[in-house]
Amino acid sequence: MPTLTAEQVQGLDPYAFLAVLGKRVIHPGGRASTDRLLELAAVRPGERVLDIGCGVGTTAIRLARDHQAHVVAADIAELMRERAETNVTAAGVTAQVRVEDADIRSLPYPDGSFDAVVAEAVTMFVSRRRAAAELARVTRPGGRVLATEFCWRRPPTEEAREVFLGQVCPGMRFDSVEEWVEIYGGAGLVDIHTESGPFEMMSARGFLADERSHAPAVMARTLSRPAYVRKMAWLMPRMARAIPYLGYVLVVGRKPDAGTEPNTT
Ligand SMILES: C[S@@+](CC[C@H](N)C(=O)[O-])C[C@H]1O[C@@H](n2cnc3c(N)ncnc32)[C@H](O)[C@@H]1O
C-alpha cells in the first residue's frame, strides 16, 4: 500500500484515518456490538452473507472463520478494500471471503442474493432510505438484515451537533433510535429489534476492548508520523465534545417470507 502524503492524511475522513492507523474495529458500537450482531444473525455454515461497507474486513473475517459463512465483503473505498484484502489473506480465509467494490446505494447483486446482510456504520453516509431499501432487496425472503448506526442518546447541544456533523463527519445523517426503526420498517423489514448503548470506540476503555493485543501496534503507528499525530490532535478534542451525547444502535430485521405482506407498523 502506498504511503500517503501529509496532505492526504489531513484530508482523510476519520474512519479511513483509523484504518490507516491499523485499527480493526471502526464503528460506534465497537467489538461488543459486533459480538451481539453476530449472535442475533445466527449465521449457519454455508450461508451467503454480504458485509457492505466492510471497512478493513474484521466482521467479514469473523463470519467466515467462526460461522463458516460464504462472505462478500464490499466497500466503496479502495483504501478500505486494500486493507480488507490484506487482512483476509492474513486470516487465511480467502476461499470464503471475496472482497468487492460496491456502493450501498446501488448494490450490484440480484434480488434475494444473501441469507443475511450486515451494514455496520454505513447507511449514515448516504441516503438512508435508499440504502435500507437496497439492503432489503438483496436479502432473500426470510433472511436477516443487521445494521449498526449512530444515534443521539440525549439531545446534543448545538455545539456538539455542529462539531460532529459539521466538522468531524460532514454529511453524516442520524437522529434517534425511533427514526432508525421507521427507516428500516419503511424498507419492508419486519420483526425489527433494536439494542443501543454508549459510543465508546474512542475512549481508552473502548479502544483496548476493541483492539485487544493489537492496540499497541495502533498506538505505535499513530506516533510514527507527525502527520498522524497532528490529525489525531485535531480529531480527539472534537470527538470529546460530541461523545457525551453519542450512542450506537443495533437494528435487526427480517425480510418477510415470499407471499406475505410487510408489516411496517
Ligand atoms: C464507519 S466505517 C465502518 C467500517 C466497517 N463496517 C466496520 O464496522 O469496521 C464506514 C465504511 O463504509 C464505507 N462506505 C461509505 N460509503 C459507502 C457506500 N456508499 N457504499 C459502500 N460503502 C461505503 C466506507 O468506505 C467505510 O469503510
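Predicted model: local features only at pLDDT ≥ 70, side-chain atom pairs only at ≥ 80, totals over all residues.
A search of the whole structure identified one cavity of 30 Å³ or more. The space within this largest cavity amounts to about 60 Å³. Its lining is made up of Pro14, Tyr15, Leu18, Phe164, Val168, Cys169, Phe199, Met201, Met202, Leu235 and Met239. Two or more of these residues are contributed by each of helix H2 (14-20), helix H7 (158-168) and helix H11 (226-242). The largest share, three residues, is provided by H2. In terms of residue class, the lining of the cavity comprises eleven nonpolar residues, with no polar and no charged residues.

Phe164, one of the residues lining the cavity, also belongs to the largest nonpolar core, which contains 69 residues. Within this core, Leu50 and Phe164 touch the most other members. When residues up to four places away in sequence are not counted, the contacts of Phe164 are Phe150, Trp152, Cys169, Met172, Phe174, Met239, Ala242 and Leu246. Among them, Cys169 and Met239 are likewise found in the lining of the largest cavity.

The largest pocket has a volume of about 670 Å³. It is lined by 36 residues, and those closest to the centre of the pocket are Gly53, Asp75, Met80, Ala121 and Phe125. Elements giving two or more residues to this lining are H2, helix H3 (30-41), strand E1 (48-52), helix H4 (58-67) and strand E2 (70-75). The residues lining the largest pocket divide into 20 nonpolar, seven polar and nine charged.

For the second largest pocket, the computed volume is about 260 Å³. Of the 15 residues in its lining, Arg24, Arg31, Thr58, Ile61 and Arg65 lie nearest the centre. Helix H4, helix H5 (78-91) and helix H9 (204-211) each supply two or more lining residues. By class, the lining of the second largest pocket contains four nonpolar, four polar and seven charged residues.

Terms used
Residues numbered from 1 in each chain as written. Heavy atoms only, no water. 1 Å grid on protein atoms, 1.4 Å probe; cavity = no way out; pocket = protein on both sides within 12 Å on 5 of 7 lines; lining within 4 Å. Points joined across faces, edges and corners; volume = space filled by probe spheres on them. Helix = DSSP H or I, 4+ residues; strand = E, 2+ residues; numbered from the N terminus. Nonpolar A, V, L, I, M, F, W, Y, C, P; charged D, E, K, R; others polar. Core = buried A, V, L, I, M, F, W, Y, C linked by side-chain atoms within 4.5 Å. Buried < 20%, exposed > 50% of the residue type's maximum accessible area, 1.4 Å probe, protein only. Contact = heavy atoms within 4.5 Å.
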